[in-house]
Amino acid sequence: MITIPNQSSIPKASLEFEEDGRMKPSPYYDRIIDVMEELFKFTLLTYGQVNYFTDRYSERKESAEELSKRVNQRSL
């Protein structure tokens, strides 16, 4: 999961919403929009890059035993 360097919180969130569930216009609303825009931009930048982001050294490295078998050595 990508972590964006932006975050926000809404103190007393229950007071920031209308009866219909929509958030009231406020600086908190603007901040939430900023965070969501940044998340969308990071999503666009990373879209299609799953192989790059899921490639881990610890899953690629060979154990000493696997290396020994691969190069036909009796021991290292």
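Biologist: Where is Gln7 found?
Modeller: This is a predicted model, in which local features need pLDDT of at least 70 and side-chain atom pairs count only at pLDDT 80 or more, while totals for chains, interfaces and linings use all residues. Residues are numbered from 1 along each chain as its sequence is written, and side-chain values use heavy atoms, leaving out hydrogens and water. Helices are DSSP runs of H or I with at least four residues, strands are runs of E with at least two, and both are numbered from the N terminus. On that numbering, Gln7 is found in the segment before H1.

Biologist: Is Gln7 buried or exposed?
Modeller: Buried means under 20% relative accessible area, exposed means over 50%, and partly exposed lies in between, with a 1.4 Å probe and protein chains only. The relative accessible area of Gln7 is 65%, so Gln7 counts as exposed.

Biologist: Which residues does Gln7 touch, not counting residues up to four places away in sequence?
Modeller: Contact means heavy atoms within 4.5 Å. With residues up to four places away left out, Gln7 touches Arg31 and Val35.

Biologist: How far is the nearest side chain of opposite charge from Glu38?
Modeller: Glu38 lies in helix H1, residues 27–46, and touches Ile4, Pro5 and Asn6, not counting residues up to four places away in sequence. A salt bridge needs a side-chain nitrogen of Lys or Arg within 4 Å of a carboxyl oxygen of Asp or Glu. Lys and Arg count as positive and Asp and Glu as negative, with His and the chain ends not counted. Glu38 is buried yet has no salt bridge, and the distance to Arg31, the nearest side chain of opposite charge, is 6.3 Å.

Biologist: What separates the C-alpha atoms of Thr54 and Pro27?
Modeller: Thr54 is in the loop between helix H2 (50–53) and helix H3 (57–60). Its relative accessibility is 38%, so Thr54 counts as partly exposed. Thr54 and Pro27 are 27 residues apart along the chain, and their C-alpha atoms are separated by 37 Å.

Biologist: What separates the C-alpha atoms of Ala64 and Asp34?
Modeller: Ala64 is in helix H4, residues 64–70, and is partly exposed because its relative accessible area is 48%. From Gln7, 57 residues apart along the chain, the C-alpha atom of Ala64 is separated by 43 Å. For Ala64 and Asp34, which are 30 residues apart, the separation is 49 Å.

Biologist: What radius of gyration does the protein have?
Modeller: Read along the sequence, the pattern is α-α-α-α, and the C-alpha trace spans about 75 × 25 × 20 Å along its principal axes. The radius of gyration is taken over C-alpha atoms, and the globule rule is 2.2 Å times the number of residues to the power 0.38. A compact globule of 76 residues would come near 11 Å, but the protein has 24 Å.
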